[in-house]
Amino acid sequence: MNQEQITAKLSQINSKGLEAAFSLSEAALENAQKLAELNYAASKDALVNAQDGIQQVLNAKDPKQVTEIISADALQSAGTQAVAYQRKVTKVMRDSNKELANVIEANIDQLQNGFQEWVNTISANAPAGSDAFLSTFKTVYGSALQGFEQFRSASKEAFATAEKTAEQAIDAVQGQITQVKKAAPASRARKAA
C-alpha cells in the first residue's frame, strides 16, 4: 500500500466523520428550535396566568378573597404547568440524547471498521522484515479501540444519568406540590377555628 492509498483511506474515514458532525449539528439545531418553541409557549402561558391572577386580585373586594385566590389550588395549578413544561423539555432532551447516542454508536462502529480495514490492508502489504513495526502498530490500534469502547460506555452512562436527573427533578416538584396541598387544609382549619 503506497502513501496515496493510505491517504485516500484516511480521507474516506474523515469524510464519514464530517458527515456525522453535520448530522449532529442539524439535530442540535432542530432540538434548539424545539426548546425555543417550548420556552416561548411556557412564557406566554405564564404571562397569561399572571395577568389573570393580577386581575383577580385587583377585582377582589376584601383580603379574604385575595387569600382564596392565592390558594394551594392556584399554586398546584402553577406547579402542574411547571411539571408539564419540564416533561416536554425532558422529552426533547431524551430524544436528542437517543439521537446523539445512535450517531455515536454508528460512528464508533464505522471508525472501528475503517481502522480495522486500514490495519488489515497495511498488514497485507507490509514489506518483509516489518514484523516489529506491525506488532507495534497493532498494539496502538488495539489501544485506540479500547478508547472507543470506553467513550461508548461513558456516553451511555452520561445519557442515563441525565435522564434520571430530569425525572428526579420532576418527581421533586410534584412532591412539593403535594406537600403544599396537604398543608393547605390544615392551615384553613386553624384559621376557621
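Author: Let's start with a cut-off: a residue is buried under 20% relative accessible area, exposed over 50%, and partly exposed in between. Keep in mind that this is a predicted model. Lys-91 comes out at 48% relative accessibility, so it counts as partly exposed. Asp-95 has a relative accessible area of 31%, so that residue is partly exposed too.

Now for how these two meet. Side chains of opposite charge can pair when their charged atoms come close. Here, the side chains of Lys-91 and Asp-95 form a salt bridge, at 2.8 Å from N to O. Both residues sit in helix H3, which covers residues 72-124. They are 4 residues apart there, or about one turn of the helix. Searching the whole structure turns up 1 salt bridge.

On to the open space. Rolling a probe the size of a water molecule over the atoms shows where empty space is left. The largest pocket has a volume of about 590 Å³. It is lined by 23 residues, and the closest to its centre are Asp-45, Asn-49, Ser-77, Ala-78 and Gln-81. Helix H1 (3-59) and H3 are the elements that give two or more residues to this lining. H1 gives the most, with 11 residues. If you sort the lining of the largest pocket by class, you get 14 nonpolar, 6 polar and 3 charged residues. So H3 turns up in both parts of the tour: it holds Lys-91 and Asp-95, and it also contributes to the lining of the largest pocket.

Notes
Residues numbered from 1 in each chain as written. Predicted model: local features only at pLDDT ≥ 70, side-chain atom pairs only at ≥ 80, totals over all residues. Heavy atoms only, no water. Salt bridge = Lys/Arg side-chain N within 4 Å of Asp/Glu carboxyl O. Buried < 20%, exposed > 50% of the residue type's maximum accessible area, 1.4 Å probe, protein only. 1 Å grid on protein atoms, 1.4 Å probe; cavity = no way out; pocket = protein on both sides within 12 Å on 5 of 7 lines; lining within 4 Å. Points joined across faces, edges and corners; volume = space filled by probe spheres on them. Nonpolar A, V, L, I, M, F, W, Y, C, P; charged D, E, K, R; others polar.
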